[in-house]
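Please look over the following notes alongside the coordinates; they are set out as numbered points.

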Number of protein chains: 2
Amino acid sequence: MSVNYEKLVSELKRGNHRSLARVISLIEDRSPIAGECIKLLFPDTGKAHIIGVTGAPGAGKSTLVDQLVLEIRKTDKKVAILAIDPSSPFSGGALLGDRIRMANSSSDSSVFIRSMATRGALGGIAPATAEAIYALDASGFDYVIVETVGVGQAEIEIVRTCDTCVVVMVPGMGDGVQALKAGILEISDIFVINKADRPEVNILKRDLLTMLSLVENLPWTPKVLETVATEGQGIDKLLSEVQRHRAWGLDSGALLERKKIFLKESLYRKIASDLVNEVKDFIENGSLLEDALTKLLNREKDIYTLSRELINQTRAKKKGIIKNDNP
Amino acid sequence: MSVNYEKLVSELKRGNHRSLARVISLIEDRSPIAGECIKLLFPDTGKAHIIGVTGAPGAGKSTLVDQLVLEIRKTDKKVAILAIDPSSPFSGGALLGDRIRMANSSSDSSVFIRSMATRGALGGIAPATAEAIYALDASGFDYVIVETVGVGQAEIEIVRTCDTCVVVMVPGMGDGVQALKAGILEISDIFVINKADRPEVNILKRDLLTMLSLVENLPWTPKVLETVATEGQGIDKLLSEVQRHRAWGLDSGALLERKKIFLKESLYRKIASDLVNEVKDFIENGSLLEDALTKLLNREKDIYTLSRELINQTRAKKKGIIKNDNP
């Protein structure tokens, strides 16, 4: 496949939505060309404010994000939404596809909306999400909002890599306790109680504040905000708080620290995938992999032993090739 | 640390709960000794029926699992519960700890209950869960029930590695649509509508059946069962269906295929972590890692380039060592 990725990336950097979408598709498909694109666009990243939005299904995240986009647009800033959708193990693709729901936002060329499928397996969601964020960042968006659909460990991993994590909850769903269960309390920079016109709002607020008071030595104490996203209520306060958190992060050095941790993880993940790919070619050529799987299924050998054997076999083989090449 | 892991594993194989708990703690702590234990106990695995139970927070999973355990005990089979808890990024540990809630089950020595923290980072939840399942399997349990707390990509990854996946829903929470969103529809072998005494039960059931009818070429068509776990209603039918699914899986070869896919992923994950550990020692010794992170933060170099450079530097260094050793 011949893709002129240099042209693609230079168009992306000039803010071309079509080229941006193309690059994100390459990232999503785990195309080797995606790597070439990332290399070229990486120097232009690091400017956007990345906001992660997560919360239980039914919390009204999409509506809240829509409203936040409208609020940001009042300040004339450019904003992109990246919606992380779960993949379908059957079809291998996203169930939702690019979302059309945000008709009012997407008629605006300063707004870009994209959903991305999260194909499981080796590598996981986090690397592809990070790369898509780089693409959006390099494309000149002032804000990138990353919205996750599920609430689980992988989703927590995603939002905790954002500059500001917003956790959305609703009253009367037993969310107070469940937040703690999902480990979400500790990654949150801002709590939003959405659908705050419901009667149980004070119970949830009290529960959240109590739980927050139990966590010791918090460098940043998350506020608990109330919104009614369907009415646009409380969105201005949310944006202010998002900006206040960013300012604090820059000022205190906490943001740099967070980015450093994330970059370290990303680097090791990349090293792991590079190294595995070298071995993979060799293992999947011939019957080596099938033999190993048969031994595993029959409980003749375990994963620890086989991993070591396959690595050693690959190396022995490669040394053999080098010897033959240099007689 | 000197652990007599041979003794530990032989006690585990004789069904000693204390040794079993110890081995799972080693796995949870990512201790190198865990690997030695897995090697020794792996030949004794592959007998237990692994049941995954997932669903949104508040669906009543814990109560349902409790009831399922009581139902299994009627047949005099041994059963273990492995509850996968999210980790706290702050404390690095599980928030729940080993659960005490199942007092009535745990007084029975044929029942074992254990929660496990899911420390994020490289490696993820899946490998540790798989290893804990091996430990429980080798310890002689007829059934291992893996219960996840969150619903997200990582949780889906976990339950889809089980022999039988049970997805628990409740009426009136908009769960019908949300199930589709979370990609859960496709991994489910059995749907349970819990709290089926609620009025909206028929709506959810109809939605689920409609969605199932849209998925083409299903080798196994999941049934939609109704339970009221708090009253013990419908649990007998659930156990029958779990057993029917297992029998079908064994008969059709589908179970073997599922196990094969999972073992392949596990093998590659192990190869990746083995290879990374080799490089890690070198990179983290000296200023190499700090230098790389600084370059990343300053956008001087990208992850793709740095990964390659660090791998090559490690290799060059190792060759140097070998040369010096063999002058």
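1. Buried here means under 20% relative accessible area, exposed over 50% and partly exposed in between, with a 1.4 Å probe and protein chains only. This is a predicted model, in which local features need pLDDT of at least 70 and side-chain atom pairs count only at pLDDT 80 or more, while totals for chains, interfaces and linings use all residues. Residues are numbered from 1 along each chain as its sequence is written, and side-chain values use heavy atoms, leaving out hydrogens and water.

2. Chain A has 13 helices and 7 strands, these being DSSP runs numbered from the N terminus (helices H or I, at least four residues; strands E, at least two). Of its 327 residues, 54% count as buried.

3. In strand β6 (residues 190-193) of chain A, Ile190(A) and Val192(A) point one way and Phe191(A) and Ile193(A) the other, and all are buried.

4. Strand β6(A) runs parallel to β5(A) (residues 164-169), to which 4 bridges join it, and parallel to β7(A) (residues 223-226), again through 4 bridges; pairing requires that DSSP find at least two bridges between the strands. Ile190(A) stands opposite Val166(A) in β5(A), and its bridge partner in β7(A) is Lys223(A).

5. Leaving aside neighbours within four places in sequence, Leu41(A) is in contact (heavy atoms within 4.5 Å) with residues including Val9(A), Leu12(A), Tyr134(A) and Ala138(A). Across chain A, residues 24 or more positions apart account for 76% of the contacts with a separation of 6 or more.

Conventions
Chains are lettered from A and ligands numbered from 1 in the order in which they are written.
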